[in-house]
Amino acid sequence: MTRRVNFFVVFFISYFLFSSVAIADVLLSKNASELKNRFRVDHMVDSMTLLIHREYGSAPVIIVRPDGSKWYVNRFPDDSVSWMEGLTGDMITIKKPMPGPWQLIGQVVDGSVIDKVSTLSIDVDPLPQPLFQGERVKVTARLLGDEEKVRLPGLDFMMNWTARFISENNPADENYVAGTFIVGAYRDNGEELDERPDDGVFTSDLDLEQPWGDYTLQVRAKNAVLDREYNQAFRLSKRPIDIELLTPDDPNSGIWTLNISLDEQVIKLEQTHLDLEILGPTGKRVPVQLTDFNQAQTKIALPKVIDFGSYDIKINAVTTTVNSREIYLSLPELFFNLVRPPEPPPSKEELAAKADAVARVQEQQAKDKAIVLIASINGALILLGVLVLLIMRKRSNLKKALAATEERLEKEVRREKMLLELDQIDLTMPEANDESFSSKS
């Protein structure tokens, strides 16, 4: 029966800050025959996965097959090749590769080597038990080739790790019918709990602020080339520490008390430490550390507060379970308000003085209103008088104008009449004196 072998080819970066002798040692290694981006595939290989590390931001490699044909990132047979490109490398799976010498063309990092593996899988740390709500837990995962950890700079950007919680839907649990939801991922970027970037160890950032109950953890590592899944049944337990904020009998005292309950069946009291931070309305932060617990129930008074406003208490706990597992917990935040007390009632003297002041103000307001009213009336009368004078003067002028017009019209009539009389005199008739003189002659 033909042996089926999966070849996983890893090209990873090696920057050398040593002498030329160190470089010569690398060239003389067992992988020296596979340098210059060349490797050979024999006739028994059924499938092959290439993980290629190239210069940051460079173009994807070009694959040259034994027969001289070439594959590009945007031109390859979809039925037999899967290609995942990133900023720092390529991940390529080839089914039934052609036997013979293969070559890669591109900016592959100098000093890269080729390792051949038969299987590709993921290794995920199981969640510890008991696991508590709000716990900060560090669990890791790795990509394995032939049970060996694969380390490649930029691999974090080429793989997508997703962590989900799947509720078992037990009616007695708080997570009943919670369904499936994403709680975080695994990263190899040197941030948060991950120790070093690109070391091949992917660290989780699981959010355990979830309802308590039975779950299945599902971790999936996927990209365009591979798809691997890990499942684990576990129980998310209630916090073994409960803190209640007690309201003081005198709310103006500024002293609040914490009622602390520790589950001594789960954790060790003498190894429990609480770290509190009180954030006041002015932005001032007051740290408080509580240790040396010797009983399950404890009441502790907080430092007195004096600034009026809202306060926020952030609480973290460091403790040890009865099974000697060290745990770190984030507890729910607590809030309270210091309200400004009401002002005391005024005395009789203060009331009398206030009434006298009110009376004076009212009297002054009445005077001001009277003055305004009188001024308004006087102004109105003056305005009315001015209007009357204007009207009377206008009427007088109108009468004079009418009289002058009438007189002018009369003069015109008389003149016209005189002219008319003059026109009626007959100048051809003799005068009376002339007639008498003629008769005497």
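Which residue in S8 is the bridge partner of Arg-40? The first legend below gives the answer. All views show a predicted model.

**View 1. Strand S8 and its antiparallel partners S2 and S4.**
Strand S2 covers residues 38-41, and strand S8 covers residues 100-105. The two run antiparallel and are joined by 4 bridges. In S8, Pro-101 is the bridge partner of Arg-40. Strand S4, residues 62-64, also runs antiparallel to S8. Here 3 bridges make the join. Look for Ile-63, which stands opposite Leu-104 in S8. Strands of a sheet pair through backbone hydrogen bonds, in a parallel or an antiparallel sense.

Where is Pro-130 found? Pro-130 is in the loop between strand S9 (120-124) and strand S10 (131-132).

**View 2. A salt bridge between Arg-142 and Asp-125.**
The loop between S9 and S10 also holds Asp-125. The side chain of Asp-125 meets that of Arg-142 in a salt bridge, at 2.8 Å from N to O. Arg-142 belongs to strand S11, residues 140-145. The pair links distant parts of the chain, 17 residues apart. Is Arg-142 buried or exposed? Arg-142 counts as buried because its relative accessibility is 14%, under the 20% limit. Asp-125 has 24% relative accessibility, so Asp-125 counts as partly exposed. Side chains of opposite charge can pair when their charged atoms come close.

**View 3. Val-177, a residue with positive phi.**
Val-177 is not a glycine, yet its phi is positive, about 55°. Val-177 sits in the loop between strand S13 (160-167) and strand S14 (180-184). Its relative accessibility is 59%, so Val-177 counts as exposed; the limit for that class is over 50%.

**View 4. Asp-292, in a loop and with positive phi.**
Asp-292 has a phi of about 55°, a positive value in a residue that is not a glycine. Asp-292 counts as exposed because its relative accessibility is 66%.

**View 5. A network of salt bridges around Arg-196 and Asp-199.**
Four residues are linked here: Lys-138, Glu-195, Arg-196 and Asp-199. Arg-196 has a relative accessible area of 49%, so Arg-196 is partly exposed. Asp-199 counts as buried because its relative accessibility is 9%. How many salt bridges does a search of the whole structure find? The search finds 20.

**View 6. An open sheet of 4 strands.**
The strand order is S22-S21-S24-S25, and the pairing is antiparallel. S22 and S25 are the edge strands, each pairing on one side only. Neighbouring strands are turned by 15° against each other on average, direction ignored. Strand S21, residues 273-279, pairs with S24 over 7 bridges. Their sense is antiparallel. Leu-276 stands opposite Ile-315 in S24. In a regular strand, side chains alternate between the two faces of the sheet.

**View 7. Asp-312, a buried residue of strand S24.**
Strand S24 spans residues 309-320 and includes Asp-312. The relative accessible area of Asp-312 is 13%, so Asp-312 is buried. Which residues does Asp-312 contact, leaving aside its neighbours within four places in sequence? They are Glu-277, Ile-278, Leu-279, Glu-333, Leu-334 and Phe-335.

**View 8. A salt bridge between Glu-333 and Lys-314.**
Glu-333, one of the contacts of Asp-312, forms a salt bridge with Lys-314. Their closest N and O atoms are 2.9 Å apart. Glu-333 lies in strand S25 (residues 326-338) and Lys-314 in strand S24, so the pair ties together parts that are 19 residues apart in sequence. Glu-333 counts as partly exposed because its relative accessibility is 36%. Lys-314 is partly exposed too, with a relative accessible area of 33%.

Terms used:
Residues numbered from 1 in each chain as written. Predicted model: local features only at pLDDT ≥ 70, side-chain atom pairs only at ≥ 80, totals over all residues. Heavy atoms only, no water. Pairing = 2+ DSSP bridges. Buried < 20%, exposed > 50% of the residue type's maximum accessible area, 1.4 Å probe, protein only. Contact = heavy atoms within 4.5 Å. Axes fitted to C-alpha atoms, helices over the stretch in contact; angles between N-to-C directions.
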